[in-house]
Structures are given as structure tokens and as C-alpha cells.
Amino acid sequence: MDAKALPYKPNPKLPRQVLPVLQPEVRAKSADEVALGFAEREVSVEAQRCLQCPKPACVNACPLHIDIKRFISRLAQGDPEGAVDVISEQSPFPGVCGRVCQHELFCEDACLIGKKFGPVAIGSLERFAADHARLAKKTLTPGAFPAPTGKKVALVGSGPASLIAAFDLVRKNYRVTVFEALHKLGGVLAYGIPNFRLPREILHEEIARLQNMGVEFVTSFIVGKTASLEELFEEGFEAVFIGTGAGLPFMLGIPGENLIGVYTANEFLTRINLMEAYKADAVTPVRVGKRTIVVGGGNSAMDAARWAKRMGSETIVLFRRGRAEMRARLEEIEHAEEEGIQFHFLAAPVALYGDESGTVREIECIEMRLGEVDSSGRPSPVPIPGSEFRLEVDTVVAAIGQAPNPTLQRVTPQLITKRGKIVVNEAGETSMALVYAGGDVVRGGSTVILAMRDGRAAAEAIDKALSGGPAAAAELPAEVQG
Ligand code: FAD
């Protein structure tokens with residue numbers, strides 16, 4: 001039993017608390033954060049909805065195994081700082097994960113009261129604990145960390161996979177250096193997810209927590225160009241983790257794709273989020289016309305559509321399957337709907353047409369019906385012959401997925417890849433000795449929390465390898481060996 005725990009009576013029949021948000025009319029014209037977060041009143045009700053199950057399924061379902069039951073018990077007793085201490089045992093990123101983790105796929109999906117009463121709003125509770133600690137200027141990392149003095153480990157990329165690996169390794173006294181290709185840290189958290197979902201000061205503060213623990217960050221450093229993997233080893237790094245993500249956007253592959261006004265979500269979001277292109281005085285502005293069509297149904301599509309709307313464009317999301325098949329966080333879909341973004345389901349683009357200046361003016365689409373379940377586990381979209389239709393458009397954003405960035409793999413042929421993704425075993429070991437990989441570079445597009453799970457698994461494997469004898473190249477799944 002938790003030493004600080006006082007008895008309280010769980011009551012799952014209390015109504016699930018609704019996350020307060022900015023009014024849709026306000027946010028359609030602002031880059032301010034949409035979700036306002038629970039107040040203490042909502043937290044005390046929501047925390048009491050937790051049954052405090054003897055074998056909490058939510059903890060197992062969390063890829064980081066955060067002790068959800070214990071942190072909620074602390075919140076129920078009015079101890080948010082204690083709650084954040086519990087979370088910090090596993091993760092220094094409660095502000096980030098409380099905002100962007102797809103809780104509905106993991107902990108909230110496993111919540112016992114979910115089916116009958118709606119799951120405990122675990123994500124919003126995590127966010128409350130993080131924000132409370134932030135306002136109270138609480139030091140989040142448990143224990144004091146002297147400067148690490150151990151063996152050197154290099155992490156490539158500064159997305160969630162590397163960030164959690166850095167947290168785990170520096171706590172084990174490794175000297176950790178993160179090499180990031182861009183000039184800003186955080187991976188998709190910085191260049192993909194808009195600040196109206198994840199304010200940058202939250203991200204910066206949680207990354208600074210790692211810096212305070214002794215993690216070194218080097219920006220504008222492309223591993224595979226600025227230095228090779230071999231050169232990192234020559235520099236004295238004894239293991240390398242590759243968390244380079246999936247930053248290579250898929251193209252629509254239809255006529256007219258090169259017209260002016262056609263973007264990939266990657267370019268559109270990077271320019272807006274990283275270069276602040278939404279501001280009137282931006283050096284690299286992004287202009288949206290009267291009508292923007294965003295193609296896709298994932299988080300990138302929602303983020304691009306919601307930016308286009310904020311920049312004054314009528315915005316339509318075109319998705320070749322139905323709403324139930326969308327991969328975006330449910331909350332973002334609902335927020336997009338509230339903001340007046342229109343959805344045209346079961347339709348896909350087949351061609352784009354421009355005017356004499358080469359600017360996109362029309363999109364031709366075809367209607368779809370749902371067919372057999374495909375490899376994505378969802379019903380496949382099947383074109384309906386003769387159902388083509390056209391819409392006027394000034395801006396098109398293709399948000400149909402990404403593949404791993406190939407820079408590092410191209411110059412490192414010893415790394416076995418499959419369709420661009422680095423092949424690893426369960427522990428994250430690649431085909432090269434002492435080189436590990438995880439996150440989107442292994443999975444293709446995935447989620448923040450699964451990238452973190454991979455980073456954690458690799459950190460554990462690195463520790464095992466470096467604290468034991470010399471490591472051999474990994475046993476990889478049979479179909480990719482040799
Ligand atoms: P990334 O976050 O992609 O980070 C990789 C980093 O490596 C990048 O900073 C890149 O610049 C750097 N890099 C690449 N090559 C090199 C190199 N050769 N040398 C040095 N550095 C290099 N998931 C959720 O759970 N919730 C969400 O709300 C959500 N929203 C999303 C919104 C968008 C727009 C996108 C694109 C994805 C979203 N996702 C979301 C998915 C999630 O962000 C990713 O699954 C996750 O960020 C993957 O983490 P990662 O560490 O593997 O890679």
C-alpha cells in the first residue's frame with residue numbers, strides 16, 4: 001500500500017468529466033492551445049471514478065507502464081505533486097503525453113469501467129498533474145543526478161523514441177548525446193504537432209529536464225552526412241540508437257501534383273510549426289487560398305486542416321474510408337468538426353488541374369465504397385466506377401502517410417531494411433552490432449507512446465550489452481536474415 005495513500009471511495013458512476021476547451025469561434029482565429037485542461041473540481045470527481053483495481057489493466061496497457069492507479073489515487077487525495085512524482089518514475093514527459101498520447105488506444109481502452117460508464121479520463125488527469133507541477137515550479141525528476149560519467153551512447157534524432165531512451169540511459173549513468181538534424185529538438189513533437197495542441201514551452205521544459213540530468217543535445221547534425229555511424233564509434237560512442245522517425249512523405253501519385261498550391265503535410269506543417277509561417281511577417285510564409293482540401297484521415301491530416309482553417313481557408317478533409325476508420329486521435333477529430341472543418345468521406349483524388357500560371361484550381365475525385373479488410377486492419381476503399389466529381393480548390397495538402405527518411409540507411413548498407421524501415425528484433429537490435437533502432441524508423445508512421453516504448457526497450461538492451469561482455473550482431477527475424 002502506498003505510504004501516502006488515504007482511503008477514499010471510488011465511484012465509477014460519477015459522470016466522466018468533460019475537458020474544457022476554447023470556444024470554436026475563438027480558436028478558429030488563434031494559435032492558442034485548444035484544450036484548457038481540468039480544474040481541481042473536475043480532477044477530484046474524475047479521480048474518484050477510478051476503481052483502483054487490484055490488477056490494473058491500464059498500467060499494463062500503457063507502453064511505459066506508468067503506475068496510473070497510484071498517480072490517480074494521489075490526485076483523488078488532493079496531492080497532484082505526489083501524482084507527478086509517481087509518473088516521473090517512468091516518464092519525464094507528462095505534459096507532452098497528457099496532451100498528445102492516444103490514450104483511447106492504450107490505457108483508457110483497458111480501463112475496466114470504460115464499457116459501461118466511459119473510461120477514466122487518464123490523459124486529462126496526467127496533464128493536470130503535469131501542469132500543476134509546472135505552475136508550482138516543482139522539480140520533476142525524482143532523486144538527484146550527478147553528472148554522468150559512464151560509457152558514451154549516441155542517440156540519433158530527438159523525437160520521442162530517443163528522448164525516452166536518453167532519460168533511461170542517463171539515469172543509468174551513461175553519457176548520452178542526442179544528434180538532431182534540425183535546428184530544433186523534439187522530432188514530430190516540434191515540427192509536426194501544432195502549438196495549439198502542444199504549446200512549445202511545455203515541450204521545451206520537458207526536454208530541458210533531460211538537459212538538467214546531463215543529456216547533451218547537438219542540433220543541425222545529420223548522422224549519415226555530418227558524420228557516419230562508424231565515425232560516431234571512432235569518436236568513442238560505444239552504442240548508437242537510431243530514432244530518425246518517418247519524415248519522408250508519401251506523394252499522391254496523381255497528375256497535377258507539382259502545381260503551385262499543392263503541399264505535403266510534412267512541408268506544410270514544418271513551415272508553419274517550425275518556421276512560424278502562419279505569422280504575417282514570416283520569412284517563409286505559407287499561403288492558403290479560399291478553399292483548402294486536405295487528403296488523409298490521420299493526425300497529420302487533422303493538424304494540417306486545422307491550421308488551414310485558422311489561416312482563413314474553407315477547409316475540407318477528403319478521406320477514402322469512413323470516419324470510423326480514421327487514425328487520428330478522437331479528440332482532434334471532434335475538435336476539427338467543432339471548428340467547422342468539413343469532411344468528405346469515401347472519396348479519393350485522381351487528378352489535379354491548374355490555371356495558366358500553374359496554380360492548382362480543381363481537384364477530381366472518385367467516390368469509394370468499403371470492401372474487404374486489408375493489411376491495415378481496416379475495410380479497404382474500393383473505387384466506384386463512373387462516380388468521378390470535381391471541386392474547386394486553391395490549396396491541396398497531401399497527408400497520406402510517411403516513410404522513414406533514408407539518409408542514414410543509404411550510407412550504411414550494413415543496416416538491413418525492409419521497405420525503407422530498419423529491421424530490428426524485440427530488443428531493438430539492428431543487423432549491426434551495438435546499433436539499435438526504434439520508433440517510426442522501424443514502424444513507419446506510429447504513435448508517440450509506441451516510439452517511447454521502443455526507445456525504452458533499446459535503452460534496456462544497450463545497458464545489458466554495455467554492462468556485459470562484447471555484443472555480437474543481433475538475431476533478426478528469419479525472413480530478413482542474410
Ligand atoms: P520523430 O518524432 O519523427 O523524430 C525523429 C527525429 O530524427 C526528427 O527530429 C528528425 O529531424 C531526426 N532525424 C532524422 N534523420 C536524422 C539523421 N540522419 N540525423 C539526425 N537526426 C535525424 N502520435 C501520437 O501519439 N499522438 C499525436 O497526436 C500525433 N500527432 C501527430 C501529428 C503529426 C503531424 C505527425 C506527423 C505524427 C503524429 N503522431 C502522433 C505520430 C508521432 O508523432 C510519431 O509516431 C512519433 O513522433 C515518432 O517518434 P520518433 O522518435 O520515432 O521520430
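Good morning. A search of the whole structure finds 32 salt bridges. The structure I am presenting is a predicted model. I shall begin with two of these pairs, then turn to the domains and the ligand.

Glu267 and Arg271 join their side chains in a salt bridge, with an N to O distance of 2.8 Å. Where do these two residues stand relative to one another in helix 14? They are four residues apart in that helix, which covers residues 265-273, and so about one helical turn separates them. As a general point, side chains of opposite charge can pair when their charged atoms come close.

The second example requires the domain layout. The domain assignment of the protein gives three domains. Domain 1 runs over 3-135, and domain 3 over 250-401. Domain 2 is assigned in two segments, 152-247 and 404-480.

Let us consider domain 1 and domain 2. Their C-alpha centres lie 28 Å apart. To the contact between them, domain 1 gives 23 residues and domain 2 gives 25 residues. The size of an interface is often given as the accessible area lost when the parts come together. For domain 1 and domain 2 the buried area is about 2100 Å², and 70% of it is on carbon and sulfur atoms.

How many salt bridges cross this interface of domain 1 and domain 2? The rule finds one. Arg134 forms a salt bridge with Glu205, and their closest N and O atoms are 2.6 Å apart. Eight residue pairs are also found in polar contact across the interface of domain 1 and domain 2.

Which elements of domain 1 give two or more residues to the side that touches domain 2? They are helix 6, residues 94-100, and helix 9, residues 122-135. Helix 6 supplies the largest share of that side, with six residues.

I come finally to the ligand. Its surroundings comprise 35 residues, of which the closest are Val100, Glu180, Arg197, Val223 and Asp440.

Thank you for your attention.

Key:
Residues are numbered from 1 along each chain as its sequence is written. This is a predicted model: local features need pLDDT of at least 70, side-chain atom pairs count only at pLDDT 80 or more; totals for chains, interfaces and linings use all residues. Side-chain values use heavy atoms; hydrogens and water are left out. Domain bounds come from an automatic or database domain assignment. Contact means heavy atoms within 4.5 Å. Buried area is the accessible area (1.4 Å probe) that two parts lose on being put together, summed over both. A salt bridge is a side-chain nitrogen of Lys or Arg within 4 Å of a carboxyl oxygen of Asp or Glu. A polar contact is a pair of N or O atoms within 3.5 Å; within protein, one must be able to donate a hydrogen and the other to accept it, and residues adjacent in sequence count only if both atoms are side-chain atoms. A residue is near a molecule or strand if one of its heavy atoms lies within 4 Å of it.
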